[in-house]
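Have the model open as you read.

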Amino acid sequence: MPATQSRYGLFEVGVGTVLWAVSLTVPPTLVPTILGELLMVTAWIVLPIGLYRDLSYLNASEADWQPRTRQYLLPAAVPFLAAFVGVFYLYRRLDRVGFR
């Protein structure tokens, strides 16, 4: 299995989505600016990497669902849109394949 095909991609997508949700919903008065920016940058990096790894894993496996990589990766690279892409991807993946 190549390095890009990892079963932990789903975990990374979940972490990236939660980080985006926290960074977008927590009021700036509760979190110092540098911490909020660090959360956003971390989420912006983790989510697309996790998506790529999980999509590679699914496409290499014999899963019933073979999602198109570009369909999810391109919108995930847009900072605030990435949170919605993560939620949609997790919903679709768990509905179609479950936790594999």
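## Where α2 meets α3

From α2, the residues Trp44, Pro48, Leu51, Tyr52, Leu55 and Asn59 are in contact (heavy atoms within 4.5 Å) with Thr69, Tyr72, Leu73 and Ala76 of α3. By class, the residues of this contact are eight nonpolar, two polar and no charged; Ala, Val, Leu, Ile, Met, Phe, Trp, Tyr, Cys and Pro count as nonpolar, Asp, Glu, Lys and Arg as charged, and the others, Gly among them, as polar.

The α2 and α3 axes, lines fitted to C-alpha atoms over the stretch in contact, come within 10 Å and cross at roughly 175°. The two helices are therefore roughly antiparallel, a term for angles over 145 degrees between N-to-C directions.

## About the model

This is a predicted model, where local features need pLDDT of at least 70 and side-chain atom pairs count only at pLDDT 80 or more, while totals for chains, interfaces and linings use all residues. Numbering starts from 1 along each chain as its sequence is written, and side-chain values use heavy atoms, leaving out hydrogens and water.

Leu51 touches Val13, Tyr72, Leu73, Ala76, Val85 and Tyr89, leaving aside residues up to four places away in sequence.

## Helix α1

Buried residues (under 20% relative accessible area, 1.4 Å probe, protein chains only) of α1 include Leu10, Val13, Leu19 and Trp20. Their cover includes α2 and α4.

Methods
Buried < 20%, exposed > 50% of the residue type's maximum accessible area, 1.4 Å probe, protein only. Helix = DSSP H or I, 4+ residues; strand = E, 2+ residues; numbered from the N terminus. Axes fitted to C-alpha atoms, helices over the stretch in contact; angles between N-to-C directions. Parallel < 35°, antiparallel > 145°, perpendicular 65-115°, else oblique.
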